[in-house]
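I am opening a page of notes on a structure that is new to me. The entries below set down what I looked up, one topic at a time.

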Amino acid sequence: MAGVSIGTSTVKLRLSTAENGSYGITVRSIRSYDGSMRVVLGKIDESSPCFSSGLLEGDEFLSVAGMSVEGDYNETMKMLGQNKGTEGGVEVEVKRQTSQPVPASPAAPPRPQSPGSSFKQ
């Protein structure tokens, strides 16, 4: 049976602002099934430097400029704001959902029939 294996990976990126000083992203805080808070990228303007950096919708912010912001929306926004316009951009670390196809299992070979076990209707 074919399927998909889902996991996570951690990615470090450098985010820059556009000429208007905006990152071109929407950040939101969500509660996970286990009750913990996650700060994730909601939307991203495809014309923004952040899109070009490889940031993807659903990425979870772990750190900004080397400071842990995991699960803290206010700290994430504060650190992004403090680092707007930083030459060379600000380094962020995000956790990203990954998926990989799982190959189908080979079909089971037909079972040999024993002599005299045929069934007729």
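**Arg96.** I began with the surroundings of Arg96, and, leaving aside neighbours within four places in sequence, I found it in contact with Gly7, Thr8, Ser9, Val11, Leu13, Gly54, Leu55, Leu56 and Asp59, where contact means heavy atoms within 4.5 Å. The model is a predicted one, in which local features need pLDDT of at least 70 and side-chain atom pairs count only at pLDDT 80 or more, while totals for chains, interfaces and linings use all residues. Residues are numbered from 1 along each chain as its sequence is written, and side-chain values use heavy atoms, with hydrogens and water left out.

I then asked which strand holds Arg96. Its place is in strand S6, where strands (E, at least two residues) and helices (H or I, at least four residues) are DSSP runs numbered from the N terminus. At 15% relative accessibility Arg96 counts as buried; the term means under 20% relative accessible area, with exposed for over 50% and partly exposed in between, using a 1.4 Å probe and protein chains only.

Two polar links of Arg96 went into the notebook. Its side chain reaches the backbone oxygen of Gly54 at 2.9 Å, and a polar contact of 2.7 Å joins its side chain to that of Asp59. A polar contact is a pair of N or O atoms within 3.5 Å; within protein, one must be able to donate a hydrogen and the other to accept it, and residues adjacent in sequence count only if both atoms are side-chain atoms.

**The chain as a whole.** I looked up the secondary structure next, and it comes to two helices and six strands, which follow the pattern β-β-β-α-β-β-α-β along the sequence. Of the 121 residues, 26% count as buried. Among contacts with a separation of 6 or more, 63% are between residues 24 or more positions apart.

**The core.** How many residues make up the largest nonpolar core? I noted 19, and those with the most contacts inside it are Leu15, Ile25, Leu55, Phe61, Val64, Leu80 and Val92. Such a core is a set of buried Ala, Val, Leu, Ile, Met, Phe, Trp, Tyr and Cys residues joined through side-chain atoms within 4.5 Å. At least two residues of this core come from each of strand S1 (3-15), strand S2 (25-31), strand S3 (37-44), strand S4 (60-64), helix H2 (73-82) and strand S6 (90-102). In soluble globular proteins, nonpolar side chains tend to be buried together.

**Helix H2.** I wanted to know which residues of H2 are buried, and they are Thr76, Met79 and Leu80. Seen down the helix axis, the buried residues fall within an arc of 100° (taken from the directions from the axis to the C-beta atoms), so they line one face of H2. The face turned away from the buried side carries the exposed residues Asn74 and Gln82. At the start of H2, a side-chain oxygen of Asp72 reaches to within 3.2 Å of the backbone nitrogen of Asn74.

Lys78 is also found in H2, and I have it down as partly exposed, with a relative accessible area of 42%.

Is S4 enclosed or exposed? Five of its five residues are buried, so S4 is largely enclosed by the rest of the structure. Two bridges join S4 to strand S5 (residues 67-68), and the two strands run antiparallel; strands count as paired if DSSP finds at least two bridges between them. Val64 stands opposite Met67 in S5.

S4 and S5 form a hairpin with two residues between them. Ala65, in the loop between these strands, has a phi near 55°, a positive value in a residue other than glycine. I recorded Ala65 as partly exposed, with a relative accessible area of 39%.

**Arg31.** My last entry concerns Arg31, found in strand S2, which is exposed with a relative accessible area of 60%. Its side chain reaches the backbone oxygen of Gly35 at 2.9 Å, and, not counting residues up to four places away in sequence, Arg31 touches Ser36 and Met37. The C-alpha atoms of Arg31 and Gly71 are separated by 9.0 Å, although these residues are 40 residues apart along the chain.
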